[in-house]
Amino acid sequence: MHQILILSGKGGTGKTTVASSFIALSKAKASADCDVDAPNLHLVMGSFEQEQDHGYFGLEKAVIDGKKCILCNRCFAVCRFDAIKPGKPYQIDAMACEGCTYCSHVCPTDAISTIPFQAGTTKLFHRQDAYFSTATLRMGSGNTGKLVSEVKRRLKDAAEKTEVAILDGSPGLGCPVIASLTGVDLALMVAEPSVSGLSDLERVVASARQLQVPVAVGVNKADMNKKMSAQIELYCFKEGIPFLGTIPYDPTVLEAINNAQVLVSYDCPASAAVKAIYERTLLVLKEMHIQ
């Protein structure tokens, strides 16, 4: 399975709009939303016949056996995360606990142990021969990178024979982004024409290169700052990065989003620009001998 990842250095650049359009244009049989903190690609994916949910368990959390607790206060004294709540018996705040197990080591009665804690839920949707994988992270939970890896693993296992998968990546440059990038064949960066947009782009490109992932770039809402759009294109030229084109600011995009529709189902300037970028992406893939 060849994986094409749509990425950006921050949220709100339009990567989900581009990703959903690419899925529609390519009629991809495998797709995933790797933004487990705030997934939204499913809003435009339509209905599915089947759904398989599995709990995702991250770090273990401490629990206190009230029958064994002697209220010695040692666990409270050593906890640096304010996860111990004094009482009769003492209790653990699972949201604050980091699973360090320090409290269990100092407990004189072995009243504290650790148990698996559900940090999120993975979801695999299926209709006919198409698969869509995503997940939701439980509020306050960590390990987003591992959860993203699980999203990709479930998609690969379910659609192993599918040639190409379109992945909607995570914003920013944290663990979810690194996990999204790992193992993909091409990362299309959707940049915005601003000083911070160029800075974010440079950082994500640097990370992709460290992971030996080829990148290409497109600029969304390019006409809102033509000077910065030109600077991003110049940056790509200097760095030898394929620049696939620009997408104009278009109110029709908001209409498509509000109607939970894919942008390329509309006849508008932004839709035409996305289609052109898609065609250029195919050329890049052909040069890489992926398609």
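Me: Happy to start with S31. Why is S31 called buried?

Reply: Buried means under 20% relative accessible area, exposed over 50% and partly exposed in between, with a 1.4 Å probe and protein chains only. S31 has a relative accessible area of 1%, so S31 is buried. Its place is strand β2, residues 30-33; strands are DSSP runs of E with at least two residues, helices are runs of H or I with at least four, and both are numbered from the N terminus.

Me: What makes up the surroundings of S31?

Reply: Leaving out residues up to four places away in sequence, S31 touches I23, M45, Y131, F132, S133, L155 and I166. A contact here means heavy atoms within 4.5 Å.

Me: Good. Which ground rules apply to the model?

Reply: This is a predicted model, where local features need pLDDT of at least 70 and side-chain atom pairs count only at pLDDT 80 or more, while totals for chains, interfaces and linings use all residues. Residues are numbered from 1 along each chain as its sequence is written, and side-chain values use heavy atoms, leaving out hydrogens and water.

Me: Thanks. How do you know whether Y235 is buried or exposed?

Reply: Y235 has 13% relative accessibility, so Y235 counts as buried. Y235 lies in helix α7, residues 226-239. Beyond its neighbours within four places in sequence, Y235 is in contact with L198, L201, E202, V205 and I241.

Me: What makes a group of residues a nonpolar core?

Reply: The group must be a set of buried Ala, Val, Leu, Ile, Met, Phe, Trp, Tyr and Cys residues joined through side-chain atoms within 4.5 Å. The largest such core has 39 residues, and L167, L181, M189, L201 and I232 have the most contacts inside it. Helix α6 (residues 195-210) gives the largest share of this core, five residues. A second, separate core has 34 residues, including I6, A28, L263 and C268.

Me: And which residues does M189 touch?

Reply: Not counting residues up to four places away in sequence, M189 touches L7, L201, V204, V205, A208, V215, A216, V217 and G218.

Me: Why are K27 and D110 called exposed?

Reply: K27 is at 64% relative accessibility, so K27 counts as exposed. D110 has a relative accessible area of 58%, so D110 is exposed as well. K27 sits in the loop between α1 (15-26) and β2, and D110 in the loop between α3 (102-106) and β7 (112-115).

Me: Which peptide bond is cis?

Reply: The bond from K88 to P89 is cis, with omega near 0°. P89 is in the loop between β5 (84-85) and β6 (91-92).
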